[in-house]
Amino acid sequence: TKPKSMGESQKTSAGLATSPFSSLSSGLRAFNDKHKGDGQLGYAQILIQVHEARNLSASDPDGKADPYCVITAGSRKEETEKVPKTLFPIWRESGPFKFRVPVPGLAA
């Protein structure tokens, strides 16, 4: 099989797309675990720009979908606009989504 590029989503056994950013999430989790309890807490700003998705599963009877992307960080959730009738959506957001997240072990 052809390797996936960084921007391509990957399908799970349930047919759901997974983000190429799941490795970023596990990296942040490992960093947090390593620095737990050192008494320092700082904040990092994460900027996420959503560009496109490819080869999504059809969910409409016409073989298409109305996809949108959900981005979560902690309790905050952001969504892109829906792109109607496509399996290859391209989002043209006005700017990146900004999240401020606590990072244990990072001096404030």
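**Confidence, strands and backbone of a predicted model**

Among the elements of the protein, the lowest mean pLDDT, 46, belongs to strand 1 (residues 10-11), and the highest, 89, to strand 5 (residues 76-79). Residues 1-16 have a pLDDT below 50, and beyond near neighbours in sequence this stretch has 23 contacts in the model. The average pLDDT of the protein is 74, and 56% of the residues score at least 70.

Let me turn to strand 5 and its partner. Strand 4 (residues 70-73) and strand 5 run antiparallel and are joined by four bridges.

As background, most residues other than glycine have a negative phi. Asparagine 55 is not a glycine, yet its phi is positive, at about 55 degrees. Asparagine 55 is located in the loop between strand 3 and strand 4. This asparagine counts as partly exposed because its relative accessibility is 37%, a value between the 20% and 50% limits. Lysine 85 likewise has a positive phi, near 55 degrees, and is a residue other than glycine. Lysine 85 belongs to the loop between strand 5 and strand 6 (97-104). With a relative accessible area of 47%, lysine 85 is therefore partly exposed.

Next, the aromatic side chains. How many aromatic pairs does the structure hold? The count is zero. Arginine side chains do, however, lie over rings. Arginine 76 is placed over the face of phenylalanine 99, at 4.6 Å from the ring centre. Arginine 100 is placed over the face of tyrosine 43, and here the distance from the ring centre is 3.9 Å.

Finally, consider alanine 44, which is found in strand 3 (residues 41-48). Which residues does alanine 44 contact, leaving aside its neighbours within four places in sequence? They are Phe99, Arg100, Val101 and Val103. Between alanine 44 and arginine 100 there are 56 residues of sequence separation, while the C-alpha to C-alpha distance is 5.7 Å. Is alanine 44 buried, partly exposed or exposed? Its relative accessibility is 25%, so alanine 44 counts as partly exposed; the limit for buried is under 20%.

Conventions:
Residues numbered from 1 in each chain as written. Predicted model: local features only at pLDDT ≥ 70, side-chain atom pairs only at ≥ 80, totals over all residues. Heavy atoms only, no water. Phe/Tyr/Trp six-rings, centres within 6.5 Å; stacked < 30°, edge-to-face > 60°. Lys NZ or Arg CZ within 6 Å of the ring centre and 35° of its normal. Helix = DSSP H or I, 4+ residues; strand = E, 2+ residues; numbered from the N terminus. Buried < 20%, exposed > 50% of the residue type's maximum accessible area, 1.4 Å probe, protein only. Contact = heavy atoms within 4.5 Å. pLDDT = per-residue confidence, 0-100. Pairing = 2+ DSSP bridges.
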